Amino acid sequence: MSQLVTARIRSTAAKLGLPHLAEGLSQYAERADEGKLGYLDFLDLVLAEELAVRDDRRFRQGLRLSKLPHHKTLDDYDFAFQPELDPRKVKDLATLSFVEAKANAALLGPPGVGKTHLAVALAVAACRAGFSIYFTTLDDMVRHLKTAESAGRLAGKLRAYLRPSVLVVDEVGYQPLERAEANLVFQVISKRYEKGSIILTSNKTFSEWGQVFGDEVLATAILDRLLHHCDVISINGPSYRLKNRLAAIERDTDAA
């Protein structure tokens, strides 16, 4: 390929917003020569590489905007430490069919069993698949909504929780809510109903949500919309954090 043609292709690629093609043109040409690729195969190679770069850029941008506390995946989860948890149920969720159906997923169990880890892992998988995601604890969401309501900007703030394809709501039940606060949560759940997925974690059983939301009727209304299309996974096992803490204590004892 002549230098003139190479320069012209790089210039055109840059104008078309294909920076990876412009940067890797020489490498692609070498691969085409080595593989004796035809014109269509060469074009397929170039477009596939450019798409892969764009997908990775979009994925990283999506993670950056998601507010996820970490980016752990299912491969990082120790299923052996939770023998009562069926990995197949979690891996079924990881196919993201519930996200495509705009359904929900609920992860229930005591503190420390890895509910947040699994919720984040599912969110990361959804982001990788091209879905927009956003993470919040329930307390943070309520606090931001209350502040926006006081400032007359509730509708705008609600859109922040309605816009993403997947909304992760962590730590439902750690702090009881007042009825006005619970009503703000109801607005989010109600407006997302059959329009976007929610992944939530809670240390409370659903029968205890009346106490969490300070009103049995409101809690029932929330659960009615949340559970209509929802996969529920209960994790009843030991705490990872306690396990790690005990291991650290044992190491310190052995060292002494």
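Start with the sheet: five strands form an open sheet in the order β2-β3-β4-β1-β5, and the pairing is parallel. Strands here are DSSP runs of E with at least two residues, helices are runs of H or I with at least four residues, and both are numbered from the N terminus. Two strands pair if DSSP finds at least two bridges between them. This is a predicted model, in which local features need pLDDT of at least 70, side-chain atom pairs count only at pLDDT 80 or more, and totals for chains, interfaces and linings use all residues. Residues are numbered from 1 along each chain as its sequence is written, and side-chain values use heavy atoms, with hydrogens and water left out.

Next, colour β2 (residues 133-137) and β3 (residues 166-172), which pair in the parallel sense over five bridges. Ile133 has Val166 in β3 as its bridge partner, and Thr137 stands opposite Asp170 in β3. Four of the five residues of β2 are buried, where buried means under 20% relative accessible area, exposed over 50% and partly exposed in between (1.4 Å probe, protein chains only).

**Ser197 in β4**

Move to Ser197, which lies in strand β4 (residues 197-202). Ser197 has 0% relative accessibility and therefore counts as buried. Show its surroundings: leaving aside residues up to four places away in sequence, Ser197 touches Phe98, Val99, Lys102, Ala103, Asn104, Ser165, Val166, Leu167 and Arg192. Contact means heavy atoms within 4.5 Å.

Two packed helices are described by the angle between their axes and the distance between the axes. Axes are lines fitted to C-alpha atoms, for helices over the stretch in contact, and angles run from 0 to 180 degrees between N-to-C directions.

Select α7 (residues 138-150) and α8 (residues 154-162), which pack at about 155° with their axes 8 Å apart. α7 and α8 are therefore roughly antiparallel; angles under 35 degrees count as roughly parallel, over 145 as roughly antiparallel, 65 to 115 as roughly perpendicular and the rest as oblique. Show Asp140, Met141, His144, Leu145, Ala148 and Glu149 in α7, which meet Leu154, Lys157, Leu158 and Tyr161 in α8. This contact of α7 with α8 comprises six nonpolar, one polar and three charged residues. Ala, Val, Leu, Ile, Met, Phe, Trp, Tyr, Cys and Pro count as nonpolar, Asp, Glu, Lys and Arg as charged, and the others, Gly among them, as polar.

Six nonpolar, one polar and two charged residues make up the contact of α8 with α9.

Finish with α7 and α9, whose axes come within 10 Å and cross at roughly 100°. α7 and α9 are therefore roughly perpendicular to each other. Select Leu138, Met141, Val142, Leu145, Lys146 and Glu149 in α7; they meet Glu181, Leu184, Val185 and Val188 in α9. The contact of α7 with α9 has seven nonpolar, no polar and three charged residues.
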